[in-house]
Amino acid sequence: MHKNTICVWYDKHAEEAARFYAGVFPDSKVGAIHRAPGDYPSGQQGDVLVVEFTVAGIPCIGLNGGPSIKHSEAFSFQISTENQEETDRYWNAIVNNGGQESECGWCKDKWGVSWQITPRVLMEAMQAGGAEAKRAFDAMMTMRKIDVAAIEAARRG
């Protein structure tokens, strides 16, 4: 067991979500699946209650806790990408699987979990600071999915 594990609350689709993430992101997998030992407010004995999974090397558990708790953008997975191809692959996997686009590299999967698909070049521009960061930031603010070529052009001025 890990000292720190991210717990993500789902209505009742933690296993489906974990399997999707494992199929999309490298260094991801589905681990143990634990069934409820008794009835609970949103399910019955024998239902999938907790799913252990890893997303891009980060240990997580999915809890099928019912519909009372909803996801918000206050929590998101941030996935760093190397190029436009990788950015497109992850973004499209999430959005085309019942998810939705948002602003500035954010999207939401069909279970309501937020994702930041963030090209390395954008983070490098922010770390550079000054006018270069401002130009890249201003360009990003006009985007949904991040356009790597536009960020690179903004960095150069």
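These legends describe close-up views of a predicted model.

**View 1. Helix 5 and its buried side.**
Helix 5 spans residues 148-156. Three of its residues, Val148, Ile151 and Ala154, are buried. They cover an arc of only 125° around the axis, which puts them on the same side of helix 5. What do these buried residues pack against? Their neighbours are helix 2 (84-95), strand 8 (114-119), helix 3 (120-128) and helix 4 (130-140).

Look at the N-terminal end of helix 5, which aspartate 147 caps. A side-chain oxygen of aspartate 147 lies 3.1 Å from the backbone nitrogen of alanine 149. Now go to the residue just after helix 5, glycine 157. Glycine 157 has a positive phi of about 85°.

Side chains of opposite charge can pair when their charged atoms come close. The model has eleven salt bridges. One joins lysine 110 to glutamate 16, at 2.9 Å from N to O. Lysine 110 sits in the loop between strand 7 (106-108) and strand 8, and glutamate 16 sits in helix 1 (residues 14-24), so the pair ties together parts that are 94 residues apart in sequence. Are the two partners buried or partly exposed? Lysine 110 is partly exposed, with a relative accessible area of 40%. Glutamate 16 is also partly exposed, at 36%.

**View 2. A network of salt bridges.**
Five residues are linked here: Glu82, Arg120, Glu124, Glu132 and Arg155. Start with glutamate 82 and arginine 120, whose closest N and O atoms are 2.8 Å apart. This pair links distant parts of the chain, 38 residues apart. Glutamate 82 is in the loop between strand 5 (76-81) and helix 2, while arginine 120 is in helix 3. Glutamate 82 is partly exposed at 47% relative accessible area, and arginine 120 is partly exposed at 34%. Next, find glutamate 132 and arginine 155, which meet at 2.5 Å from N to O. Glutamate 132 is partly exposed, with a relative accessible area of 22%.

Strand 6 pairs with strand 7 in the antiparallel sense, over two bridges. Here glutamate 101 has cysteine 107 in strand 7 as its bridge partner.

**View 3. Strand 3 and its two partners.**
Strand 3 covers residues 48-55. Six of its eight residues are buried, so strand 3 is largely enclosed by the rest of the structure. Strand 2 (residues 29-35) pairs with strand 3 in the antiparallel sense over five bridges. The hairpin of strand 3 and strand 4 has two residues between the strands. In this hairpin, alanine 56 takes a positive phi near 50°.

Technical notes: Residues are numbered from 1 along each chain as its sequence is written. This is a predicted model: local features need pLDDT of at least 70, side-chain atom pairs count only at pLDDT 80 or more; totals for chains, interfaces and linings use all residues. Side-chain values use heavy atoms; hydrogens and water are left out. Buried means under 20% relative accessible area, exposed over 50%, partly exposed in between (1.4 Å probe, protein chains only). Helices (H or I, at least four residues) and strands (E, at least two) are DSSP runs, numbered from the N terminus. The arc is that of the directions from the helix axis to the C-beta atoms. Contact means heavy atoms within 4.5 Å. A polar contact is a pair of N or O atoms within 3.5 Å; within protein, one must be able to donate a hydrogen and the other to accept it, and residues adjacent in sequence count only if both atoms are side-chain atoms. A salt bridge is a side-chain nitrogen of Lys or Arg within 4 Å of a carboxyl oxygen of Asp or Glu. Two strands pair if DSSP finds at least two bridges between them.
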